[in-house]
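Hello,

Here is the structure I promised to pass on. Have a look at it first, and then read on for what I found.

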Amino acid sequence: MDEPSHSRDPGLATGHVPRGPVFEVHATEQAARAGLLRTAHGTIETPVFMPVGTKATVKTLDPDEVRALGAQILLGNAYHLHFRPGAELIRDLGGLHRFMGWPSPILTDSGGFQVFSLRDTIVRVDDEAVTFRNVYDGRATQFTPELAARIQRDLGSDIAMCLDQVPPSDVTRRELEAAVRRTTLWASRQREAPRADGQLRFGITQGGTDPELRRRSTEEIAELGFDGNAIGGLAIGEDRDAMFEVTGWAAALLPDDRPRYFMGIGDPEGILQVIEAGVDMFDCVLPTRTARTGSALTREGRLNLRNARFAKDERPLEEGCDCPACARFSRAYVRHLVNQNELLGLRLLSLHNLRFVVELTRGARDAIVRGGFVSYKREILERLTWAGS
């Protein structure tokens, strides 16, 4: 597999503020857009899928392997890295890029999603901070917007996310409104906090699928003037059609000269739907998590390699795929590895699934540039629907 063409932009010096506009849209098809996002560690072609490296690693994979798959940017998590091994230690060892051997851009989540998704660990939430018992030693810990900024400054990521309050999908409207208000308050505080040289900072909108609250949050966060904006608080259990509907009009409310990031989506339909809505960036653990269950993502749907029907199947996971798994091995061999709990099986499936999602996204970008995204999306989804029938 060839080295991806989007490797480091020689015009950008590590740790320095990018010259010129941070984000440029080069082509559109209806709301869908193809652009360039400039960071201190390279220029990213958008739309872009970000593999998740929560604890400074994409599980089971070497960074060079991930780059060779075409990944342009990884996601790390401030919550986990703050506790193990510690952001200050990573800073003293040269920053997150050097620590994990990844020279390309990195986005760090603030840890807000982790805190609020572990609802049983929360002790108190008020305007000053969220207090919770961390998952490592159970000690009471506080996260403030200022601390979220400091952790991400020490990590030295290219894009740092604001701390937000992520309410569950079944929350009351009163609680949802409080989360929207607090997310704006925290974002305004974090906006004023110091950041690493060249580090971009993104705000996050909340509001669930409530039209009034989502609109309010979107407008308030946009007014704060961040380098980019994320759509948060969706893909957490709400009705899927409602999620896509909200994304469609909420993305249009965000500034069109800043990147838009949908937090937490990675299935083929979801990726194509949010791209169609005008989203530029998205992440998800789905490709690697699906691999660890023994399944492959393909244009014909999800293949459960534990299934006996693959025992003598000499075909690759997907015809035409150039990933290391498909280039050398059969479905029968991968099935054998998975059923024998061999780590190579999980690695091969992780390589394939990430390549599949990266290529799906790259294909969408190419389609937008040539004016054929609507047809591209229809063909992909029709094939998935047919295969699953």
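In which helix is Q152 found? Q152 is found in helix α6, where helices (H or I, at least four residues) and strands (E, at least two) are DSSP runs numbered from the N terminus.

Two notes before the rest. This is a predicted model, in which local features need pLDDT of at least 70, side-chain atom pairs count only at pLDDT 80 or more, and totals for chains, interfaces and linings use all residues. Residues are numbered from 1 along each chain as its sequence is written, and side-chain values use heavy atoms, with hydrogens and water left out.

Back to Q152. Q152 counts as buried because its relative accessibility is 0%; buried means under 20% relative accessible area, exposed over 50%, and partly exposed in between, with a 1.4 Å probe and protein chains only. Apart from neighbours within four places in sequence, Q152 is in contact with A78, T108, D109, S110, S157, I159, A160, M161, Q190 and Q199, contact meaning heavy atoms within 4.5 Å. Helix α6 (residues 145-155) is itself mostly covered, with eight of its 11 residues buried. Besides Q152, the buried residues of α6 include P145, L147, I151 and L155. After α6 comes G156, with a positive phi near 75 degrees.

Now the chain as a whole. Its secondary structure comes to 15 helices and 16 strands, and 56% of its 389 residues count as buried. The C-alpha trace spans about 60 × 45 × 45 Å along its principal axes. A compact globule of 389 residues would have a radius of gyration near 21 Å, and the chain agrees with its 20 Å; this radius is taken over C-alpha atoms, and the globule rule is 2.2 Å times the number of residues to the power 0.38. Of the contacts between residues at least 6 apart in sequence, 67% join residues at least 24 apart.

- T183 lies in helix α7 (residues 173-191) and counts as buried at 1% relative accessibility. Leaving aside neighbours within four places in sequence, T183 is in contact with D164, Q165, I204, Q206 and I221.
- V48 lies in strand β4 (residues 48-51) and is buried, with a relative accessible area of 3%. Beyond its neighbours within four places in sequence, V48 is in contact with Q72, I73, D280, M281, F282 and T361. The C-alpha atoms of V48 and A71, 23 residues apart along the chain, are separated by 8.4 Å.
- K59 sits in the loop between β4 and α1 (63-68) and counts as partly exposed at 43% relative accessibility. Setting aside neighbours within four places in sequence, K59 is in contact with R292 and S350.

Finally, a helix pair. How do α13 and α14 cross? The axes of α13 (residues 331-339) and α14 (residues 343-370) come within 7 Å and cross at roughly 125 degrees; axes are lines fitted to C-alpha atoms, for helices over the stretch in contact, and angles run from 0 to 180 degrees between N-to-C directions. The two helices are therefore oblique to each other, given that angles under 35 degrees count as roughly parallel, over 145 as roughly antiparallel, 65 to 115 as roughly perpendicular and the rest as oblique. Y333, V334, L337 and V338 of α13 make the contact with L344, G345, L348 and L349 of α14.

Best wishes
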